[in-house]
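This briefing covers a pocket, a helix and a set of charged pairs. The sequence and the structure come first.

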Amino acid sequence: MWKEHEKREELTDDRAFLLVARDNENNPVGYVHFRFDMDFDDEVLYCYEIQLMEEVRRKGLGKFLMQILEILAYQTQMKKVMLTVFKHNKEANASFMEQLKYNIDETSPSIFDPMNPEDYDYEILSKPIKTKKTAATKTE
C-alpha cells in the first residue's frame, strides 16, 4: 500500500540515489531508487524501486536502467545487486529472472523460511557482480 509520507522519507534519505530517465523533451519517464548497503556481511547495491511510465514499458528501458546499476555495482566493487519483487508481479519476476539472470537470493524468505512461504508476499532477488581487477590483483 502506498504511503505518501513514508515514500517521501525513503526517497529523500541521505543514503538514497535516484537515476532518472527522461524522454526527448526532457520529461521524466522513469526512475530507479537505489542505495549502497550492507546485506549481512556483503556490500551490495540494493534497488529499492524501479518505476516506468506506461508508454515506455516493454521497450528495454527497465533492462537498461538495471544494467546501469550493475555497472555502478561493478565500478564500486559491490558483491551483488539486490532487489525485492512481489510474488504476484509475475511479469517483473519473469523479467528479472529470465532476461536479466537474477536468482532468488539466499536471504529471501522462500530460502530461509521454506516451511512458511504463504507468510511472505515477496522474494528477494540478486545477481552476483564479478570482481573488478585492481592494480594489486593484477600484479599478484
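A salt bridge here is a side-chain nitrogen of Lys or Arg within 4 Å of a carboxyl oxygen of Asp or Glu. By that criterion D13 and R15 form a salt bridge through their side chains, with an N to O distance of 2.9 Å. The model is predicted, and a search of the whole structure gives six salt bridges.

**Salt bridges**

- D13, the acidic partner of R15, is partly exposed, and its relative accessible area is 23%.
- The side chains of D42 and K80 form a salt bridge at 3.8 Å, N to O. D42 belongs to strand β3 and K80 to strand β4, so this pair ties together parts that lie 38 residues apart in sequence.
- D42 counts as partly exposed at 24% relative accessibility, whereas K80 is buried, with a relative accessible area of 8%.
- A network of salt bridges links D42, K80 and D105.
- The side chains of E70 and K127 meet in a salt bridge at 3.1 Å, N to O. This pair links distant parts of the chain, with E70 in helix α2 and K127 in strand β6, 57 residues apart.
- Both E70 and K127 are buried.

**Largest pocket**

- The largest pocket holds about 1400 Å³ of space.
- Its lining consists of 38 residues, and those nearest the centre of the pocket are I50, Q51, N89, A92 and F96.
- Two or more lining residues come from each of α1 (4-12), β3 (42-52), α2 (61-75), β4 (80-86) and α3 (90-99).
- Sorted by class, the lining has 18 nonpolar, 12 charged and eight polar residues.

**Helix α3**

- Which residues of α3 are buried? They are A92, N93 and F96.
- Viewed down the axis of α3, these buried residues fall within an arc of 100°, so they line one face of the helix.
- An α-helix has 3.6 residues a turn, so residues three or four places apart point the same way.
- A92 and F96 are buried in α3 and are also among the residues nearest the centre of the largest pocket.
- The buried residues of α3 are covered by elements including β3, α2, β4 and β6 (122-128).
- On the face of α3 turned away from its buried side are the exposed residues K90, E91, E98 and Q99.
- Just after α3, K101 has a positive phi of about 65°.

Conventions:
Residues numbered from 1 in each chain as written. Predicted model: local features only at pLDDT ≥ 70, side-chain atom pairs only at ≥ 80, totals over all residues. Heavy atoms only, no water. 1 Å grid on protein atoms, 1.4 Å probe; cavity = no way out; pocket = protein on both sides within 12 Å on 5 of 7 lines; lining within 4 Å. Points joined across faces, edges and corners; volume = space filled by probe spheres on them. Helix = DSSP H or I, 4+ residues; strand = E, 2+ residues; numbered from the N terminus. Nonpolar A, V, L, I, M, F, W, Y, C, P; charged D, E, K, R; others polar. Buried < 20%, exposed > 50% of the residue type's maximum accessible area, 1.4 Å probe, protein only. Arc of directions from axis to C-beta. Contact = heavy atoms within 4.5 Å.
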